[in-house]
Amino acid sequence: MHVPDGFLDAPTSLVTVGVAATGIAIALRGARRELDDRVAPLAGIIATFVFAGQMVNFPVAGGTSGHLMGGALTAVLVGPYTGLLCMTVVLTVQALLFADGGITALGTNVVLMGIVAVVTGYTVFRGALAVLPRRISMVAPAAALGAVASVAMSAATFVLLYAVGGVVPIPFGTLMTAMLGVHVLIGIGEAVITFMVVAGIVSVRPDLVHGARRLVATRELETRTVSA
């Protein structure tokens, strides 16, 4: 999903830089409500995990490969605002030090794998929790659903951006079919990784998982009520 330099024209790239900058500014303010002494160390660990995960590719189909995107995972674990900041740091380091994604395309990559992935993943996660049984064990499946949706939406957003500012004319339908076909499979891999990580943390420290805090609070309240 890392977009290299030259895939999109200059005007489109500049627009994505503006969108990315706006999203980061909002996230910086919102993260103040999410970060505390428990979340800050976890955010660093998750950013490192996502960075490492994005450097490892797994085979998909037809000679293509995919890697962890991490937007839904970070949002569920440390909150959407902090999650976006984690993704921005990861993508910036990759672009500057490892040439993974173009420097001029950094704004585009932050929009796709940061803003779109985080917002979509967390929105689907919250929606899934609203319809699933209100149990701690449902946090990981809901996060997995958010992961699939985040990858598919990021791929679809790239197609829309390319339709507006792509440097080589490719039929919209052809590009959309190709991108979604591959990224749905990648999304399944993302969902498996997200499920395993979230389930592992929830099983031992659900209070550290941002997306599980309401359920933890509800469970503690019910326990105190029964005890009383």
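**Figure 1. Salt bridge between D207 and R38 in the predicted model.** D207 pairs with R38, and their closest N and O atoms are 3.4 Å apart; a salt bridge is counted when a side-chain nitrogen of Lys or Arg lies within 4 Å of a carboxyl oxygen of Asp or Glu. D207 belongs to the loop between α7 and α8 and R38 to the loop between α1 and α2, so the pair ties together parts that are 169 residues apart in sequence. Helices (H or I, at least four residues) and strands (E, at least two) are DSSP runs, numbered from the N terminus. D207 has a relative accessible area of 21% and is partly exposed (buried is under 20%, exposed over 50%, partly exposed in between; 1.4 Å probe, protein chains only). The model is predicted: local features need pLDDT of at least 70 and side-chain atom pairs pLDDT 80 or more, whereas totals for chains, interfaces and linings use all residues. Residues are numbered from 1 along each chain as its sequence is written, and side-chain values use heavy atoms, without hydrogens and water.

**Figure 2. Salt bridges of D36.** The side chain of D36 meets that of R38 at 3.8 Å, N to O. R213 also bridges to D36, with the closest N and O atoms 3.9 Å apart. R213 lies in helix α8 (residues 213-227) and D36 in the loop between α1 and α2, so this pair ties together parts that are 177 residues apart in sequence. R213 is partly exposed at 24% relative accessibility, as is D36 at 28%.

**Figure 3. The largest pocket.** This pocket holds about 190 Å³ of space. On a 1 Å grid over the protein atoms alone, a pocket is an open set of points where a 1.4 Å probe fits, with protein on both sides within 12 Å along at least five of seven lines; lining residues have an atom within 4 Å of a point. Volume is the space filled by probe spheres set on the points, which are joined across faces, edges and corners. Among the lining residues are I26, Y81, L84, V118 and Y122. α5 gives the most to the lining, with six residues.

**Figure 4. The second largest pocket.** About 160 Å³ of space lies here. The lining includes M1, F7, F158, Y162 and M179. Helices α6 (139-165) and α7 (172-204) each supply at least two lining residues.
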